[in-house]
Amino acid sequence: MTPSWNISGQYFETCSCDYVCPCILGQMAVRPTKGSCTFAMAMQVERGAFGTISLDGITFIVVGYTPEEMGKGNWSVGLVIDERATAGQRDAITAIASGTAGGPMAPLSGLIRTFLGVEAAPIRFERRGNTGTVKAGTLVDMAAEGAMGIDPTVTEPMFIDNTGHPVSSRLSLAHPSKSHLHALGQTWDDTSGKNNGHFAPFNWRSA
């Protein structure tokens, strides 16, 4: 029986779609701007537990590839997990991120055709104001800055709300300066500054 669990912290994602990613705005029924979409969703757990297993301070990255409209499925998804995690913590994060333990990822689990596996790496996740960076050894390296509106007195980036995104219904928009992924058979490099990014706090639980 799956124990109750909860995790909360900070999320940062970049994807290969042009800014702003049409997949969210089109409710996963529209084609990604490049025909397919590669993404890396980094989750820094500040507080969390899976039953009696503490997940405080564990960072993980969901990496994936969708070959066409996201709603059609056929996703390939894998995980990069902080190398400091114990075997029990890795199993807990895998169950949460794959949706097998319930929670926000469970409705998407039916779209995944191939689970790419799990890799371990030293992960550094930094969020300072409206900028964010994530580096996981040689596997993932991404950075972005929040997309600001035209009012110079507003210090927060622009947001999209009521998204239905599994991480948070409210996402800040961001312009990535770099997105590099070389993990679990997935390869993607973008330094154009034109692809898509998001930040958000998250609060997930099993029920």
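Q: Okay, and which residues of helix 2 are buried?
A: Those are Q89, A92, I93, T94, A95, I96, A97 and S98. After helix 2 comes G99, with a positive phi near 90°.
Q: Where does this model come from?
A: This is a predicted model, where local features need pLDDT of at least 70, side-chain atom pairs count only at pLDDT 80 or more, and totals for chains, interfaces and linings use all residues. Residues are numbered from 1 along each chain as its sequence is written, and side-chain values use heavy atoms, with hydrogens and water left out.
Q: What's in the largest nonpolar core?
A: It has 41 residues, and I7, F60 and W204 touch the most other members. A nonpolar core is a set of buried Ala, Val, Leu, Ile, Met, Phe, Trp, Tyr and Cys residues joined through side-chain atoms within 4.5 Å.
Q: Which element gives the largest share of this core?
A: Strand 2 does, with 6 residues.
Q: And what does W204 touch?
A: Leaving out residues up to four places away in sequence, W204 touches W5, N6, I7, M43, I96, P104, M105, P166 and V167. Contact here means heavy atoms within 4.5 Å.
Q: Switching topic: how much space lies in the largest pocket?
A: About 390 Å³. On a 1 Å grid over the protein atoms alone, a pocket is an open set of points with protein on both sides within 12 Å along at least five of seven lines, while a cavity is a set of points where a 1.4 Å probe fits but cannot get out; lining residues have an atom within 4 Å of a point. Grid points are joined across faces, edges and corners, and a volume is the space filled by probe spheres set on the points.
Q: Which residues lie nearest the centre of the largest pocket?
A: Of its 23 lining residues, I24, M28, M70, H165 and P166 lie nearest the centre. The lining divides into 16 nonpolar, 6 polar and 1 charged. Ala, Val, Leu, Ile, Met, Phe, Trp, Tyr, Cys and Pro count as nonpolar, Asp, Glu, Lys and Arg as charged, and the others, Gly among them, as polar.
Q: How many cavities of 30 Å³ or more are there?
A: The count comes to 1. The largest cavity holds about 30 Å³ of space, and its lining is W75, V77, A97, S98, M105, L108 and I112. Strand 5 and helix 2 each supply at least two residues of that lining.
Q: Where's the cis peptide bond, then?
A: From Y19 to V20, with omega near -5°. V20 is in the loop between strand 1 and helix 1.
Q: What's the phi of Q27?
A: It's positive, about 55°, although Q27 is not a glycine. Most residues other than glycine have a negative phi.
Q: Is Q27 buried or exposed?
A: Q27 counts as exposed because its relative accessibility is 70%.
Q: What about N130, where is its place?
A: N130 is in the loop between strand 7 and strand 8. The C-alpha atoms of N130 and G146 are separated by 5.0 Å, and the two are 16 residues apart along the chain.

Conventions: Buried < 20%, exposed > 50% of the residue type's maximum accessible area, 1.4 Å probe, protein only. Helix = DSSP H or I, 4+ residues; strand = E, 2+ residues; numbered from the N terminus.
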